[in-house]
Amino acid sequence: MSNDVLEYESIRLWASDCRPAAIQLIGSGLFPCAPVYPSLAVDIRMLDFVTRLFLRISPNHTAWCGAVEDFLRCQGYRLEGKDPLRRRFGNTLQWFNSLQASCETYISGLLNDTRQVLQDDAGEVGGGLGRHAIPIEEVRDEDSCAVEVDFKYTDSIVDENGSSKRRRSDNHDIRPSRPHSRPSEYLRTRCPVCFGGEFDLEKDRLAWSDVIVCLDACFTQRHNTQPRDPARQHPDSFFIPQSEVEAVESRVDEARSQAAHATKKSKTSGDQDTEDDHLEDGMLLSKAVLDLCGNSFKAAHEFLAKVIPKGCDVTAVMALLCRHDRPLWVVNMSTPGERQHYAIALLEKLFEHLPPFMHVGVLYDIGCHLERSCLKWGLLEEHMDNLVFAISVFHAFGHQWACQVLYHPRKCEGFGLSDGEGAERLWHGIQHLIAYTRIAGYHLRIYTLDMQFHFLNGENLLKMGTWVQRKYKSLSAKRAENLKELAESGKPLSLLREQWRLQVQTQTRPLPSQSKNKGKVVVEECMRLRRSQKALEKRVKLLQDIIANPNAVDYEVATAEVDLPRVLGDYKKTTDKLRRKENALGTTEKKQIHHLANSPYVNKAMNARALKTRLCERVRSRKFELDRVERSCRKQRSEQQLNEHTEDSVRRRDPGIQQLAQKYNKLVKEMKDLIVLKRAPRNAIAPALIDVSELFKLDVTDELWQDIGLNYDEVDADQRPPPWLADEGVRQGIRAMLELDRCDEEEERLAIERKAMQSWLNEEWDVVKCAINDTGVQYFLVT
């Protein structure tokens, strides 16, 4: 079959052991369907065309061969047999693709051998390769003079000329045995922009994450259970072997079981957790907020099925990509839920190929929960100092506002303008394979996905210059817009940074929770304050007596005069705080305090206060989240889609906020009933009910902001709200300041990535020239 004019021709060959039929056909530009007794040969150019076509559409040999058969029939060629073309053409294309991949791997092996020799020479003489010095990745053992090779090659083979060569093995079978001085060659081939440069610890190191990656799973890329096809592995596969993933799963399950056993033991011994919200070890976000974020995402519930696993041996794939949308590693998922050990396996594999000094920023839909699990169960323990977690932009608005303050990449230092949605673009790029890979053989499916990933990486690399240009253009537009916003706010940067610090501190603090003993806790606090007041009163009297005593030693009088103003101030503050709390409780008699410890009214009042505090914070957070939507009138369509998603995410949480308000109103009604029944403290006043229908208007006169009957706080009731909450200019300035900070980070990162790309390209060109000279191939330099 020829592709000049599609035609069918019968050829008879005289084959022997010296001149096999396959060699003769390939020498004629045809590729056979079998290595020994081929019955069909296809023009190599036609196979190359079909390969490129099937990288852009779903591979469909049946439709292709049916169309060819129909065309040949119309041209007067008649093919004998029930299935004269499909099977043989499929075999031909399969072996042609395998040969292509093997050739590319062999050429890469030659180049890497040359690169390794040049690196060794550069290390011995202290020089460089051309104009660019390459650090030595291999480290000599102290007890042996043998060089430990990175991870690309294993056993040696001898070619027909007697020279020894290293044969390339699977990338994932051999781990780097020593720390690198730069990313491994595997990573440098996957993304030259992220990993291709030389890392100067004094100049090129970023003050934040050196590399930004993103994680995501795709549950549409499933595979139906069926008998396994013959094993076939791509020589440069993206997939982590299933045995390694299962080993990580075992370690994660063991770490969780040990930590759970230790927690259960500590609780049994009496070390109970506090009832109020609190910060877990190592986390900057409170437990209650993390729980609310977890309830909003199915991915956070590992054992919650996102698909029906019946009939599937692969339920999904999870990929680790760099910020340029280039896949680095992929794993097959066999569980119906998004188990965290898949993400752990991918991150562990990444750190195996990175120098120990490099920091990694990870964007994940549930980045807050992944960090929580790592700290709670001791996962990735040796790499946690080099990890910074954030949430991908599109999914960040499904998280609580307090979580966004810490984990949104536009508010988190070091992520620039990276959005973390590269995986979504990858899934879109391979969506035409969904139907095919679902019914294809197990190994054929993996091989097809590997080919697609290599194709997408190649296309991405060709467009990298356009990508950088587009990023610079977007960066300039964002910077100009936010400089204008910052100027309109009229606030100095020092004030804005201080207010942003206070906002983060306030909006991420733990909030009070409901409990059965809330009233008892408040009564005990009043009793504690009374004891403190009495002690301070005695201290004041003692200092006054020393000052008034004419026989006192001079240094005692001087010390008393210095301490008296401070002690008087503490006494006044404690007294004022005690009076406010006692007035709220409705008693000033010490003997009555004990009777209030089990008062149902005081308990309900404290629970109502906890509910109202949480309600106020959630309504304020809702206002901050909707600020983006309210300012979206002049945005482009892509920004409008993000705003629509933001609004939908916020609206989905409205029923929860309304339910919280209804629960608060129920407690207020019960408090009023207790007042009528005279089961409340004297002078007790029940707070006003909240109108749920007017809850989100945020008027100043709303009952939501009134603390009548609930003023147990230590903060002065007359204190003005902070500028970050009440001053629109400060809020506008903070938004502009954060965007400008991200623009500066993006500009610095783009400059380093451009330098890395140039360094990689220069090195590759030098390696190619040396390899060509070593192999004796004739070539022409294009000037």
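The model is predicted, with local features requiring pLDDT of at least 70 and side-chain atom pairs counted only at pLDDT 80 or more, whereas totals for chains, interfaces and linings use all residues. Residues are numbered from 1 along each chain as its sequence is written, and side-chain values use heavy atoms, with hydrogens and water left out.

The protein chain contains 25 helices and eleven strands, taken as DSSP runs numbered from the N terminus (H or I, at least four residues, for helices; E, at least two, for strands). Of its 783 residues, 48% are buried, that is, under 20% relative accessible area with a 1.4 Å probe and protein chains only, where exposed would be over 50% and partly exposed in between. The chain exposes about 40900 Å², of which carbon and sulfur atoms supply 53%, the areas coming from the Shrake-Rupley method with a 1.4 Å probe. Among contacts (heavy atoms within 4.5 Å) with a separation of 6 or more, 75% are between residues 24 or more positions apart.

Five strands form an open sheet with mixed pairing in the order 9-8-5-10-11, two strands being paired if DSSP finds at least two bridges between them. Its edges are strand 9 (327-333) and strand 11 (387-390), each of which pairs on one side only. On average, and with direction ignored, neighbouring strands of this sheet are turned by 20° against each other. Helix 15 (residues 442-462) packs on the sheet, where it touches strand 8 and strand 9, and its direction makes about 160° with that of strand 9; axes are lines fitted to C-alpha atoms, for helices over the stretch in contact, and angles run from 0 to 180 degrees between N-to-C directions.

Strand 5 (residues 211-218) pairs with strand 10 (residues 360-363) in the parallel sense over four bridges, and Val 211 stands opposite Val 360. Strand 10 also runs parallel to strand 11, to which four bridges join it, and here Val 360 stands opposite Leu 387.

A polar atom of the Thr 315 side chain lies 2.6 Å from the backbone oxygen of Thr 335. Beyond neighbours within four places in sequence, the residues in contact with Thr 315 include Phe 219, Gln 221, Arg 222, Met 333 and Pro 336.

Definitions and conventions:
A polar contact is a pair of N or O atoms within 3.5 Å; within protein, one must be able to donate a hydrogen and the other to accept it, and residues adjacent in sequence count only if both atoms are side-chain atoms.
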